[in-house]
Number of protein chains: 2
Amino acid sequence: MSGAVKNGAREKFMTFLARKHLRVTAQRQAIVDTVFSTNQHFTAEQLLAWSRARDRSVSRATVYRTLPLLTESGLVREMDFGKDYKFYDPNYAEHPNHNHIICNDCEKIVEFESDKIEQLESEITRRLGFSLQTQRLQITGSCEELKKLGACKKKRGI
Amino acid sequence: MSGAVKNGAREKFMTFLARKHLRVTAQRQAIVDTVFSTNQHFTAEQLLAWSRARDRSVSRATVYRTLPLLTESGLVREMDFGKDYKFYDPNYAEHPNHNHIICNDCEKIVEFESDKIEQLESEITRRLGFSLQTQRLQITGSCEELKKLGACKKKRGI
DNA sequence: ATCAATGCAAATAATTTGCAAAAAG
DNA sequence: CTTTTTGCAAATTATTTGCATTGAT
């Protein structure tokens, strides 16, 4: 959870704040450091808990107010898996076109990239008169464990 | 909105109800007829309004209770476009693997299918140790109008 | 008759927001 | 100093649920 902070991403976010004349507060730093020290997808609630471990003064409101800044900067992507809360993915800075496979039972998520799919996408998009901006491909299926045992031991591996 | 009811889909849903020993009520009929007389994506709230036009006694609660039956039957698919409400797509009975392109400005949605992409998906999924159950590919981009004029005249074409 | 299905209104839960106090620039 | 940002608690809003009643089988 609390590995090394990715300074590239952190730096980029600071630049983003400066460009918009937004202030660098202790709470924003705690939140941003938290985000860029994991590769995991997280929820707002998880981000709150982890950020509080760094700085007790971080509030839920500030987390919810910082999340839009992170997505607007392009360094984090909001993802909807159809649950009643959203997930955030901090890996788009490094892999802008990656996709997700989610296990139906344990909800384990694996990321992958495919040049061939990307190419087909832009081809089809063009043919339909659009120009492509973003794409998201989500596959759900059964992981090895689910296939073998009929159920996964640990659920909710998000 | 109120074109001809697709009797194939309607019929399949009735079979689905029978198999589960669920009852055919006037309200369910109004809702189901509404769903299968459009190709448009809709929200729960829209479905309520349209169903009420057929049968004033349909309540919001019944709409929300019927929607899971429709998705469970496989005839309708729940879709999350990251808004704070969900959309439902009644076209999965005819096109089980179709995908969506959404215009960034007017939110016009175009559906498309691609065998090549499907094939790549199942190949990749297999390679990662999963077996594929569902896939959803969402592309966002600029439609012709947005590209040409810089903005779309009518917004929110959902 | 029996038991599922309904409408209503209250409950839930993620996210948003108003406001007075605190802190950044 | 000025203006943004904060935490708190209350508000918002889509969806869900308990319950007494209605209606399908």
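A: Sort the lining residues of the largest cavity by type and you get three nonpolar, two polar and three charged. (Nonpolar covers Ala, Val, Leu, Ile, Met, Phe, Trp, Tyr, Cys and Pro; charged is Asp, Glu, Lys and Arg; the others, Gly among them, are polar.) By name, the lining is B:Arg77, B:Met79, B:Asp80, B:Tyr92, B:His100, B:Arg136, B:Leu137 and B:Gln138. A cavity here is a set of points on a 1 Å grid over the protein atoms alone where a 1.4 Å probe fits but cannot get out, and a lining residue has an atom within 4 Å of a point.

Keep in mind that this is a predicted model, where local features need pLDDT of at least 70, side-chain atom pairs count only at pLDDT 80 or more, and totals for chains, interfaces and linings use all residues. As for bookkeeping, residues are numbered from 1 along each chain as its sequence is written, chains are lettered from A and ligands numbered from 1 in the order in which they are written, and side-chain values use heavy atoms, leaving out hydrogens and water.

Searching the whole structure turns up one cavity of 30 Å³ or more. The largest cavity holds about 60 Å³ of space, counted as what is filled by probe spheres set on the points. Strand S1 (77–79) and S5 of chain B each put at least two residues into its lining, and S5(B) gives the most, with three residues. (Strands are DSSP runs of E with at least two residues, helices are runs of H or I with at least four, and both are numbered from the N terminus.)

Now follow B:His100, one of the lining residues. On strand S3(B), B:His100 and B:Ile102 point one way, while B:Asn99, B:Ile101 and B:Cys103 point the other way. Five of the five residues of S3(B), residues 99–103, are buried, so the strand is largely enclosed by the rest of the structure. Buried means under 20% relative accessible area, with a 1.4 Å probe and protein chains only.

What does S3(B) pair with? It has four bridges to S5(B), residues 131–142, in the parallel sense, and B:Ile102 sits opposite B:Thr140 in that strand. S3(B) also pairs with S4(B), residues 109–112, this time antiparallel and again over four bridges; B:Asn99 faces B:Phe112 there. (Pairing takes at least two bridges found by DSSP.) S3(B) and S4(B) make a hairpin with five residues between them, and B:Glu107 in the turn has a positive phi of about 65 degrees.

Chain B also meets DNA strand C. A backbone N or O atom of B:Arg23 is 3.1 Å from a phosphate oxygen of DNA strand C, while an N or O atom in the side chain of B:Arg65 is 3.2 Å from a base oxygen. By type, the residues of this surface split into eight nonpolar, five polar and eight charged.

Terms used: A polar contact is a pair of N or O atoms within 3.5 Å; within protein, one must be able to donate a hydrogen and the other to accept it, and residues adjacent in sequence count only if both atoms are side-chain atoms. Buried means under 20% relative accessible area, exposed over 50%, partly exposed in between (1.4 Å probe, protein chains only). On a 1 Å grid over the protein atoms alone, a cavity is a set of points where a 1.4 Å probe fits but cannot get out, and a pocket is an open set with protein on both sides within 12 Å along at least five of seven lines; lining residues have an atom within 4 Å of a point.
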